[in-house]
Amino acid sequence: PPTIVTEPTVYRVLKGGDVYKKASPEAEKIIKLDWPVDRLVRTTGQVFVGASGGKWGELDTAAGEKRGWVYIEGPGFGPSSRKIISQYMAP
């Protein structure tokens, strides 16, 4: 059976230079990316919640993204922790 995606799969960068990525859910190293405002970020719809409560989405390599997980929202990265916003919702 096909996979049912219940999370958004496309996000838009809200603030340039303020997006975070990690290689895997288990990775401790987090890198800060310098993506421009309004850049579309494509994910697979797979998400996980990190140890500090932040929500991370798996980047979609089939859509041209580099492998890894992008920070979506939650505590841990400053007063306005939402760095990207969903653009298209799955049914």
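A residue is called buried when its relative accessible area is under 20%. In this predicted model, buried residues make up 36% of the 91 residues in the chain, and both Phe48 and Trp56 belong to the buried ones.

The chain contains zero helices and seven strands, and its pattern, read along the sequence, is β-β-β-β-β-β-β. Among contacts between residues at least 6 apart in sequence, 48% join residues that are at least 24 apart. The chain exposes about 5600 Å², of which carbon and sulfur atoms supply 53%.

A pair of aromatic rings is described by the distance of the centres and the angle of the planes. The structure holds four such aromatic pairs, and two of them are set out below.

| Pair | Distance of ring centres | Angle of planes | Arrangement |
|---|---|---|---|
| Phe48 and Trp56 | 6.3 Å | 10° | stacked |
| Trp56 and Tyr71 | 5.4 Å | 70° | edge-to-face |

Why is the pair of Trp56 and Tyr71 edge-to-face? The planes of these two rings stand at 70°, and an angle over 60 degrees counts as edge-to-face. This pair links distant parts of the chain, since Trp56 lies in strand β5 (residues 55-59) and Tyr71 in strand β6 (residues 69-73), 15 residues apart. Tyr71, like Trp56, is buried. Together with Tyr20, Phe48 and Trp69, these two residues form one aromatic cluster.

Charged side chains also meet aromatic rings in this model: the charged end of Lys22 sits over the ring of Trp56, 5.1 Å from its centre, while Arg39 lies over the face of Trp35, at 3.9 Å from the ring centre.

Conventions:
Residues numbered from 1 in each chain as written. Predicted model: local features only at pLDDT ≥ 70, side-chain atom pairs only at ≥ 80, totals over all residues. Heavy atoms only, no water. Phe/Tyr/Trp six-rings, centres within 6.5 Å; stacked < 30°, edge-to-face > 60°. Buried < 20%, exposed > 50% of the residue type's maximum accessible area, 1.4 Å probe, protein only. Helix = DSSP H or I, 4+ residues; strand = E, 2+ residues; numbered from the N terminus. Lys NZ or Arg CZ within 6 Å of the ring centre and 35° of its normal. Contact = heavy atoms within 4.5 Å. Areas by Shrake-Rupley, 256 points an atom, 1.4 Å probe, with all protein chains shown as cover.
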